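The briefing below is arranged by topic.

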Amino acid sequence: MFATAERNSTRQTFAAPKGRALLVILENVGHISGLTLPGWAMNVIDYVTEEYAKVLLRLLGAHRRYDRVVILEDADVTNEKMAAALFDLSRGHRVDQLLLVHGQKECLVGFRGEAYIDGDLFNVLREAYNQDPSVLDLGVVYGVNCYGATLAPTWLALGADAVNGAVGVNWLPEPSLSLFLVRWLNGATYSESVATSFRWARRVGKLVWPDRAGSEDAHLQGSRQIVYGRRDVRLFAPH
């Protein structure tokens, strides 16, 4: 029996009639946990993974399903530009986010691994939202970042409907991302999309890191996804 993402959302609703936007935060930095790579190898990994993500979004229909798709990539992955994008998109859209970045506890890793998406962003968003909740209109926040679960309370406090997060280092960004997008972009609920993605990604992971002495491998334990939220939502109501 395979574990699924834990769910604490109980009430299901459908997307509001307001337009829907997708904000993609995309910065791989070419880093693989536990490995020290030469600069050229990191540049190749960075380029290939980011281009792969953009092609994947088009192939799976993100640009057809959303009214707007905005990608912040490389040098644009900063606290200032992310805040500006969220405020701008929220004026006319409900904003879902894809966090395709590395992460540490309570922060995201920004450009070249030298900058961090941290309190400099979240404090600005929190102050503006507390003064006027209409300035932010957040939907779901899906991330493949490590320690994503530590940011869940922050996104929920900013009004997000639902958030996922890995409990530790996430070794399964793929096939998790592809499997999630296939479900989500075809009308499945957020919790189902995350749970199905994790369940199948975990099966793949077990081929690489099988259980030992009846205990699940640490790579899979850290990659475990949890869903947090006030309500379960769909991108659109299926016919």
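Predicted model: local features only at pLDDT ≥ 70, side-chain atom pairs only at ≥ 80, totals over all residues.

Residues are numbered from 1 along each chain as its sequence is written, and side-chain values use heavy atoms, with hydrogens and water left out.

**Strand S4 and its neighbours**

- Helices (H or I, at least four residues) and strands (E, at least two) are DSSP runs numbered from the N terminus, and two strands pair if DSSP finds at least two bridges between them.
- Strand S2 (residues 19-27) pairs with S4 in the parallel sense over 9 bridges, and within this pairing Leu 22 has Asp 96 of S4 as its bridge partner.
- S4 is also joined to strand S8 (residues 138-143), running parallel, by 4 bridges, with Gln 97 standing opposite Val 141 in S8.
- Buried means under 20% relative accessible area, exposed over 50%, and partly exposed in between, with a 1.4 Å probe and protein chains only.
- Because 9 of the 9 residues of S4 are buried, the strand is largely enclosed by the rest of the structure.
- In a regular strand the side chains alternate between the two faces of the sheet.
- Both faces of S4 are covered, with His 93, Val 95, Gln 97, Leu 99 and Val 101 buried on one side, and Arg 94, Asp 96, Leu 98 and Leu 100 buried on the other.

**The three-stranded sheet**

- Strands in the order S5-S6-S7 make up an open sheet of 3 strands with antiparallel pairing, whose edge strands, S5 (103-104) and S7 (116-117), each pair on one side only.
- Strand S6 (residues 107-109) and S7 run antiparallel and are joined by 2 bridges, and Val 109 has Tyr 116 in S7 as its bridge partner.

**Helix H7**

- The expected span of a helix is 1.5 Å times one less than its number of residues, and the 19 residues of helix H7 (residues 190-208) should therefore span 27 Å, which agrees with the 27 Å between its end C-alpha atoms.
- Among the buried residues of H7 are Tyr 190, Val 194, Phe 198, Ala 201 and Arg 202.

**Cavities**

- A cavity is a set of points, on a 1 Å grid over the protein atoms alone, where a 1.4 Å probe fits but cannot get out, and its lining residues have an atom within 4 Å of a point.
- Grid points are joined across faces, edges and corners, and a volume is the space filled by probe spheres set on the points.
- A search of the whole structure finds 2 cavities of 30 Å³ or more, and the largest cavity holds about 40 Å³ of space.
- The largest cavity is lined by Leu 22, Tyr 66, Asp 96, Gln 97, Leu 98, Val 140, Phe 180, Leu 181, Trp 184 and Leu 185, and strand S4 (93-101) and helix H6 (173-184) are the elements that give two or more residues to this lining.
- The second largest cavity has a volume of about 30 Å³, and the residues that line this second cavity include Leu 99, Asn 145, Trp 155 and Asn 164.

**Salt bridges**

- With a salt bridge defined as a side-chain nitrogen of Lys or Arg within 4 Å of a carboxyl oxygen of Asp or Glu, the count comes to 12 salt bridges.
- Asp 88 and Arg 91 form a salt bridge whose closest N and O atoms are 3.1 Å apart; Asp 88 is partly exposed at 37% relative accessible area, whereas Arg 91, at 64%, counts as exposed.
- Asp 161 forms a salt bridge with Arg 94, with the closest N and O atoms 2.9 Å apart, and because Asp 161 lies in the loop between helix H5 (152-157) and strand S9 (162-166) while Arg 94 lies in strand S4, the pair ties together parts that are 67 residues apart in sequence.
- Asp 161 is buried at 3% relative accessibility, and Arg 94 is buried at 16%.
- Asp 161 also forms a salt bridge with Arg 231, the closest N and O atoms being 2.5 Å apart, and since Arg 231 lies in the segment after strand S10 (225-229), this pair ties together parts that are 70 residues apart in sequence.

Conventions
1 Å grid on protein atoms, 1.4 Å probe; cavity = no way out; pocket = protein on both sides within 12 Å on 5 of 7 lines; lining within 4 Å.
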